[in-house]
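Welcome, and please take a moment to look over the sequence and the fold. Then let us walk through some of the contacts together.

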Amino acid sequence: MSESYEIIGKEIQYTNSEYPGFSIKSRKYRSEEISKKRVKQKFNEIIGCRNHIFNSNVVDKVWLNGSHGRTDYNINSTEGQRIKGILDTNFSSLTYDTNELNLISEFTPTRPPYVNNSISWYDIQEVPNSLKTSYGCSYEKYCNWYGLKFDLTTNNILLKVVVSADDTLAKSMTNSATLPLSKFPVSTNFCYFAFLHDSEGNINENADFYTYTSDIHIKEFCTANSLTFPYDYSDTEIRDRIWCWGIVFNRLTGVPTHVKAYERTFV
């Protein structure tokens with residue numbers, strides 16, 4: 001991979017050999033370092049937001065540690081309805097298909113805190129007040145989606161709360177406020193925290209930092225932190241379908257442990 005910066009009048013232009021024919025221009029500052037940082041940041045944001053579209057006919061493959069980890073299906077798809085049937089049988093107190101954008105999947109544990117085969121269900125709306133209360137949530141800047149993780153062995157249910165990266169409480173309870181944002185100099189409009197709460201209100205030390213950025217940015221991060229890139233970096237077909245990245249980290253230490261890539265296919 002090679003990258004170049006070129007001063008053109010009052011602007012600076014960035015190009016990267018991984019994306020031939022594509023370039024980004026940004027304002028030129030007095031500081032060359034700042035100029036380069038800002039134009040590359042703009043490049044990462046534009047590349048990262050290409051597939052950020054929700055509709056009722058998507059399949060999301062989640063990549064982790066160089067391999068395919070799980071597949072999320074729309075709730076009303078054939079596979080989505082099959083998995084929903086398992087929830088209807090074992091966790092019948094909830095309704096899962098009130099929103100056609102909802103996603104559902106089965107998965108085997110590949111990282112903490114998951115230890116048993118489970119089902120992941122994402123509801124594309126802000127977490128309801130009833131769940132905020134029962135799971136002990138008191139954030140201020142909730143995102144319009146949240147998840148529930150159903151353990152098929154213990155029947156325990158974890159709540160995955162997604163909040164803005166500039167949520168005051170979220171930043172106060174984790175060292176991640178300095179780690180991810182220093183490594184990912186993007187607007188807080190492009191990044192989020194996610195925390196796992198159990199039914200007693202305990203917050204797991206394993207948390208997520210979601211961001212929309214380029215594969216180049218993520219590759220640099222993985223290299224700097226000795227982490228495995230989520231999929232085969234040379235596979236440009238997967239690259240061009242990635243819509244979101246997730247960095248798993250210990251919220252108490254700020255140390256990143258895994259990187260996830262979400263590959264979106266429209267069917």
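Let us start with Lys 84, which has a relative accessible area of 12% and therefore counts as buried (buried means under 20% relative accessible area, exposed over 50%, partly exposed in between, with a 1.4 Å probe and protein chains only). Its partner is Asp 97: the two form a salt bridge whose closest N and O atoms are 3.9 Å apart (a salt bridge is a side-chain nitrogen of Lys or Arg within 4 Å of a carboxyl oxygen of Asp or Glu). Lys 84 sits in helix H2 (78-90) and Asp 97 in the loop between H2 and strand S6 (103-107), so the pair ties together parts that are 13 residues apart in sequence. Here, helices (H or I, at least four residues) and strands (E, at least two) are DSSP runs, numbered from the N terminus. Asp 97 has 32% relative accessibility, so it counts as partly exposed.

A word on what you are viewing: this is a predicted model, in which local features need pLDDT of at least 70 and side-chain atom pairs count only at pLDDT 80 or more, while totals for chains, interfaces and linings use all residues. Residues are numbered from 1 along each chain as its sequence is written, and side-chain values use heavy atoms, with hydrogens and water left out.

How many salt bridges does a search of the whole structure find? There are 16. One of them joins the side chains of Asp 60 and Arg 264, at 2.7 Å from N to O. Asp 60 belongs to strand S4 (residues 58-64) and Arg 264 to strand S13 (residues 256-266), so this contact ties together parts that are 204 residues apart in sequence. Asp 60 counts as buried because its relative accessibility is 1%, and Arg 264 is buried at 1% as well.

Now turn to strand S9 (residues 157-164). Six of its eight residues are buried, so the strand is largely enclosed by the rest of the structure. On one side, S9 runs antiparallel to strand S8 (residues 146-151), joined by four bridges; two strands pair if DSSP finds at least two bridges between them. Within this pairing, Leu 148 stands opposite Leu 159. S9 also pairs with strand S10 (residues 191-197), in the antiparallel sense and over six bridges, with Tyr 192 as the bridge partner of Ser 164.

Asp 208 lies in strand S11 (residues 203-211), 48 residues away from Lys 160. Both Asp 208 and Lys 160 are buried.
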